[in-house]
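Let's take a walk through this model together, starting with the chain as a whole and then zooming in on a few spots. Keep the viewer open as you read.

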Amino acid sequence: MTDDRLPAEHLSPLAALVDEVLAGAGYEMAAATDAIDDAVPGYGGLFDPSTTSDELRRALESLLTSELTRPPVAEPTSDTFVLYVDGSSRGNPGPAGAGAVIMDAAEDELARLGRPVGSRTGNNTAEYVALQLGLSELLTRYEPRRLEVRIDSMTVIRDVWGGDDPTEPGVEAYSEAVAEALSSIPEHHYTHLADSDPNPADALATVGADIAAFGPG
């Protein structure tokens with residue numbers, strides 16, 4: 001589990017259990033989803049309509065008491081990295097998720113990360129969580145010297161790289177974690193993504209929002 005993991009916003013007990021399993025798998029969305037699907041009885045799975053809340057809860061609790069491990073760390077080509085991040089909120093505020101994709105200098109994917117953020121959370125908060133998640137896992141796995149962050153939220157860009165105080169209420173903990181993480185990377189800059197630019201983190205943030213929408217369980 002990531003040493004400096006930050007708590008999510010308010011989540012249902014069921015969504016919070018999924019987040020715990022994700023953390024145990026290093027937030028590798030595919031690996032955690034496969035593990036959950038394997039633990040659910042019958043032909044159900046994490047998003048299968050036939051899976052009941054009780055079945056999913058028992059599967060999640062079983063995984064949390066087992067030796068759930070992180071996938072092997074992929075080998076990068078150098079100490080230069082690219083990080084895509086994205087936050088998704090349905091309703092803004094609403095069920096929200098965060099996604100991040102770590103790439104090496106050749107832009108080969110090294111990690112696809114995701115998590116639920118909150119059941120009633122805004123998009124900018126989700127984007128902050130995505131950035132914190134990607135940076136935290138990058139520093140847990142590697143020793144980056146150069147980093148390009150590709151991000152579409154101008155609010156987060158202004159706060160993080162523009163020197164402004166956070167304008168989004170309640171993001172101070174995430175903002176501080178982001179600033180601390182970036183301070184340990186000698187060279188870093190951002191690239192602003194337009195809405196039309198491809199962002200591989202988008203799908204992961206969407207799955208995180210799907211999880212955040214889970215009921216109590």
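For the charge count, Lys and Arg are taken as positive and Asp and Glu as negative, while His and the chain ends are left out. Each charge is placed at NZ of Lys, CZ of Arg, CG of Asp or CD of Glu. On that basis the protein chain carries 13 positive and 38 negative side chains, and the centres of the two sets sit 2 Å apart.

A quick word on ground rules. This is a predicted model, where local features need pLDDT of at least 70 and side-chain atom pairs count only at pLDDT 80 or more, whereas totals for chains, interfaces and linings use all residues. Residues are numbered from 1 along each chain as its sequence is written, and side-chain values use heavy atoms, with hydrogens and water left out.

Now the overall fold. The protein chain has seven helices and five strands, taken as DSSP runs numbered from the N terminus (H or I of at least four residues for helices, E of at least two for strands). Reading from the N terminus, the order is α-α-α-β-β-β-α-β-α-α-β-α. The radius of gyration is 17 Å, close to the 17 Å that the globule rule gives for 217 residues, so the protein chain is as compact as a globular protein of that length. That radius is taken over C-alpha atoms, and the rule is 2.2 Å times the number of residues to the power 0.38. Along the principal axes, the C-alpha trace spans about 50 × 35 × 30 Å.

How much of the protein chain is buried? Buried residues account for 50% of the 217, where buried means under 20% relative accessible area, exposed over 50% and partly exposed in between, with a 1.4 Å probe and protein chains only. As for contacts (heavy atoms within 4.5 Å), among those between residues at least 6 apart in sequence, 75% join residues at least 24 apart.

Next, zoom in on helix α5. Its buried residues are Thr155, Val156, Ile157 and Asp159, and they pack against α4 (123–141), β4 (146–151) and β5. After α5 comes Gly163, with a positive phi near 80°.

Rings of Phe, Tyr and Trp (its six-membered ring) pair if their centres lie within 6.5 Å; planes under 30 degrees apart are stacked, over 60 edge-to-face and the rest tilted. By this rule there are three aromatic pairs. In one of them, the ring centres of Trp161 and Tyr190 are 5.3 Å apart and the planes are at 50°, so the pair is tilted. Trp161 belongs to helix α5 (residues 154–161) and Tyr190 to strand β5 (residues 187–192), so the pair ties together parts that are 29 residues apart in sequence. Trp161 is partly exposed at 21% relative accessibility, and Tyr190 is partly exposed at 34%.

Tyr27, in the loop between α1 (13–24) and α2 (29–39), has a positive phi of about 60° although it is not a glycine. Tyr27 is buried, at 2% relative accessibility. Glu107, in the loop between β2 and β3 (109–121), also isn't a glycine and has a positive phi of about 60°, but Glu107 is partly exposed at 38%. Then there's the cis peptide bond joining Asn92 and Pro93, with omega about 15°; Pro93 lies in the loop between β1 (80–89) and β2 (94–104).
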